[in-house]
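I opened this notebook to record what I looked up in one structure. The entries follow the order in which I checked things.

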Amino acid sequence: RQLRHSNLLEGMQSLIREFRANTMVDVDLIGSPQDVDGLARPQMEALYHIFQESLSNTAKHARATRVSVRLWRQDDRVMLRVNDDGIGFESERSSQRIGHGLVNMKARAEGVGGGIEVISIRKQGTTLLAWMPYINNEEELND
């Protein structure tokens with residue numbers, strides 16, 4: 001699925017509606033459009049696809065009942081946190097069990113100058129934190 005919206009939060013809300021309909025898992029999203037207004041398309045698409053993969057992993061593996069999502073700007077970076085209350089996983093076994101999802105998310109983040117960190121505790125859930133530089137459309141056009 002591609003980001004069809006010009007607004008990242010609208011795209012994320014669309015993914016949340018689909019996720020809720022398919023899983024019946026409650027999702028809370030906290031984010032302000034002002035924090036991501038004017039964000040360059042490569043960063044916007046990377047965040048969108050990282051979020052999409054995160055929800056997909058939650059649906060497939062977590063057995064979560066609640067997902068909390070926060071999108072915000074901190075200085076010159078855009079931050080995305082996705083936390084679930086699922087079963088968690090052991091990180092050394094995650095590459096065998098989860099497949100390419102985490103690798104793809106890491107590659108997307110690094111491809112736009114960012115990164116991800118995943119913290120998972122068995123029986124307590126998983127938190128994904130992704131960050132990337134805030135680059136607005138005007139800066140991108142001037143490069």
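Helices and strands here are DSSP runs, a helix having at least four residues and a strand at least two, and they are numbered from the N terminus. The model is a predicted one.

**Entry 1: overall layout.** I went through the elements from the N terminus on and noted the order α-β-α-α-β-β-α-α-β-β-α. That gives the protein chain 6 helices and 5 strands. I then looked up burial: 41% of the 143 residues of the protein chain count as buried. The accessible surface of the chain comes to about 8,000 Å², and carbon and sulfur atoms hold 44% of that. I also checked how far apart in sequence the contacts reach. Among contacts between residues at least 6 apart, 66% join residues at least 24 apart.

**Entry 2: the nonpolar core.** Which residues touch the most other members of the largest nonpolar core? I found Leu8, Ile50, Phe51, Leu71 and Leu80, out of 34 residues in that core. The elements giving two or more residues to the core are α1 (8-23), α3 (41-62), β2 (66-74), β3 (77-84), α5 (101-111) and β5 (125-133). Of these, α3 gives the most, with 7 residues. Leaving aside neighbours within four places in sequence, Leu8 is in contact with Val36, Leu39, Met44, Leu47, Tyr48 and Leu71.

**Entry 3: strands around β5.** I looked up the partners of β5. Strand β3 runs antiparallel to β5, and 8 bridges join the two. Strand β4 (residues 115-121) also runs antiparallel to β5, joined to β5 by 7 bridges. Between β4 and β5 I found a hairpin with 3 residues between the strands. Lys123 in the turn has a positive phi of about 70 degrees.

**Entry 4: Thr126.** The side chains of Thr126 and Ser120 are joined by a polar contact of 2.8 Å. Not counting residues up to four places away in sequence, I listed the residues that Thr126 touches as Val82, Asn83, Asp84, Gly88, Phe89, Val118, Ile119 and Ser120.

**Entry 5: Arg77.** Beyond residues up to four places away in sequence, Arg77 touches Trp72, Trp131, Met132, Pro133 and Tyr134. I also took the separation of Arg77 and Ile135: 58 residues in sequence, and 8.4 Å in space from C-alpha to C-alpha.

**Entry 6: the sides of α5.** Which residues of α5 are buried? I found Gly101, Leu102, Met105 and Ala109. They cover an arc of only 95 degrees around the axis, so they lie on the same side of α5. An α-helix has 3.6 residues a turn, so residues three or four places apart point the same way. On the face of α5 turned away from the buried side I found the exposed residues Val103 and Gly111. Just after α5, Gly113 takes a positive phi of about 85 degrees.

Technical notes:
Residues are numbered from 1 along each chain as its sequence is written. This is a predicted model: local features need pLDDT of at least 70, side-chain atom pairs count only at pLDDT 80 or more; totals for chains, interfaces and linings use all residues. Side-chain values use heavy atoms; hydrogens and water are left out. A nonpolar core is a set of buried Ala, Val, Leu, Ile, Met, Phe, Trp, Tyr and Cys residues joined through side-chain atoms within 4.5 Å. Buried means under 20% relative accessible area, exposed over 50%, partly exposed in between (1.4 Å probe, protein chains only). Contact means heavy atoms within 4.5 Å. Two strands pair if DSSP finds at least two bridges between them. The arc is that of the directions from the helix axis to the C-beta atoms. A polar contact is a pair of N or O atoms within 3.5 Å; within protein, one must be able to donate a hydrogen and the other to accept it, and residues adjacent in sequence count only if both atoms are side-chain atoms. Accessible areas come from the Shrake-Rupley method with a 1.4 Å probe; for residues, only the protein chains shown count as cover.
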